[in-house]
Amino acid sequence: MKVLGHKIELLTGLLLHDVTMAGLQELRFPEEKPLLRGQDTAELENSDTFLLAVDTDWKEHDIETPYGLLHVVIRGSPKGNRPAILTYHDVGLNHKLCFNTFFNFEDMQEITKHFVVCHVDAPGQQVGASQFPQGYQFPSMEQLAAMLPSVVQHFGFKYVIGIGVGAGAYVLAKFALIFPDLVEGLVLMNIDPNGKGWIDWAATKLSSLTSTLPDTVLSHLFSQEELVSNTELVQSYRQQIGNVVNQANLQLFWNMYNSRRDLDINRPGTVPNAKTLRCPVMLVVGDNAPAEDGVVECNSKLDPTTTTFLKMADSGGLPQVTQPGKLTEAFKYFLQGMGYMPSASMTRLARSRTASLTSAGSVDGSRPQACTHSESSEGLGQVNHTMEVSC
């Protein structure tokens with residue numbers, strides 16, 4: 001075992017040195033199990049794709065927080081010092097509409113068997129939610145973030161690895177800024193770190209007068225090209241958003257998201273006392289996504305030594321739905337770079353030199369400090385990565 005460990009450390013060191021010398025790298029690999037357009041639409045037309053989990057071990061909870069109840073669905077129990085995977089969905093969706101395709105994907109099971117998974121629904125967005133009473137004040141984005149420590153405490157998590165999409169990515173980033181000791185790592189898809197200016201605000205108001213709420217939300221989730229060309233996928237989501245999510249509650253969440261403030265982050269060294277995310281971060285966006293500019297700007301504001309930027313080719317506004325295989329593979333190596341799952345299978349990305357994302361780390365789930373503090377040069381957190389994934 002000592003000889004094997006020495007070989008892994010030596011290989012990791014050589015690969016990390018190679019990446020450091022090469023600077024930004026572009027990684028391209030084929031998708032062996034592509035989620036074809038026909039498969040997408042055929043599955044999405046069946047609401048069971050969204051609403052029924054393959055695994056029956058999910059447990060539902062309503063958790064009291066300082067700003068009201070949170071609906072949470074959890075599978076598994078805390079495993080030693082390992083973090084929980086905690087998800088937060090985008091506006092217009094809930095955890096099922098946003099994450100079922102991803103977490104039910106075959107290759108994802110290799111990951112989830114090692115971690116407890118906790119899905120959080122924003123207030124009133126879960127399936128079957130009652131409509132909020134007249135005059136209800138929906139929590140601000142900062143308050144949504146401040147609700148999450150109650151979830152962590154309720155289940156006895158020591159810290160979490162967050163996966164957020166859109167509005168959920170913003171909430172998790174804010175959570176990590178306010179409670180950095182509770183967050184081990186973040187996967188942020190389609191994050192926009194900027195609040196809306198008055199021109200954007202006026203455009204949103206005008207759109208709400210001329211379009212239905214589901215159509216307005218769809219323009220947030222999908223690019224204009226997707227809205228025109230991928231009509232079956234878009235139509236499936238239009239129906240689900242309109243039928244599954246309470247429309248009055250959705251309107252409140254939508255309004256609050258559009259009134260958010262700028263995420264208070266800056267790249268270290270650019271301004272005095274700059275705030276930044278202290279944990280390893282993987283930013284994800286499709287190359288045909290409406291959020292692309294926002295994600296690129298977020299990348300420019302984060303510490304390049306702890307940030308991986310993943311731009312997925314042939315993927316639009318919902319990469320976790322249209323390309324779950326690619327995202328699963330990238331997530332696996334992100335976890336390995338943090339010191340988890342070192343013995344997991346090395347497949348497509350390994351052939352594309354993404355083995356450089358791995359580092360010698362914990363097998364039993366103890367927290368890998370080298371990746372959570374910037375002093376060390378070991379591990380994924382200390383390498384600047386740009387990955388462009390193509391079919």
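Reader: Is K275 buried, partly exposed or exposed?
Author: This is a predicted model, and the answer rests on a computed accessibility. The relative accessible area of K275 is 49%. Exposed requires over 50% and buried under 20%, so K275 counts as partly exposed.

Reader: Which residue does K275 meet in a salt bridge?
Author: The N to O separation of the pair is 3.4 Å, and a salt bridge needs a distance within 4 Å. The side chain that K275 meets in this way is that of D264.

Reader: How many residues apart in sequence are D264 and K275?
Author: D264 lies in the loop between helix 12 and strand 7, and K275 lies in the loop between helix 12 and strand 7 as well. D264 is partly exposed, at 38% relative accessible area.

Reader: What parts of the chain does the salt bridge of R261 and E142 tie together?
Author: The two side chains meet at 3.3 Å, N to O. R261 is in the loop between helix 12 (247-258) and strand 7 (281-286), and E142 is in helix 6 (residues 141-155). The pair therefore ties together parts that are apart in sequence by 119 residues.

Reader: Which helices does the pair of R238 and D215 link?
Author: The side chains of R238 and D215 form a salt bridge at 2.6 Å, N to O. These are distant parts of the chain, 23 residues apart. R238 is partly exposed at 30% relative accessible area, and D215 is partly exposed at 30%. R238 sits in helix 11 (residues 231-244) and D215 in helix 9 (residues 213-221).

Reader: How many salt bridges does the structure hold?
Author: The pairs above are among them, including R261 with E142. E110, E329 and K332 are also linked, in a network of salt bridges. The total for the structure is 10.

Reader: Which residues is F105 in contact with, leaving aside its neighbours within four places in sequence?
Author: F105 is placed in the loop between helix 4 (95-103) and helix 5 (109-112), and at 13% relative accessibility it is buried. Its C-alpha atom is 6.7 Å from that of P324, 219 residues away along the chain. The contacts of F105 are P324, G325 and T328.

Notes
Residues are numbered from 1 along each chain as its sequence is written. This is a predicted model: local features need pLDDT of at least 70, side-chain atom pairs count only at pLDDT 80 or more; totals for chains, interfaces and linings use all residues. Side-chain values use heavy atoms; hydrogens and water are left out. Helices (H or I, at least four residues) and strands (E, at least two) are DSSP runs, numbered from the N terminus. Buried means under 20% relative accessible area, exposed over 50%, partly exposed in between (1.4 Å probe, protein chains only). Contact means heavy atoms within 4.5 Å.
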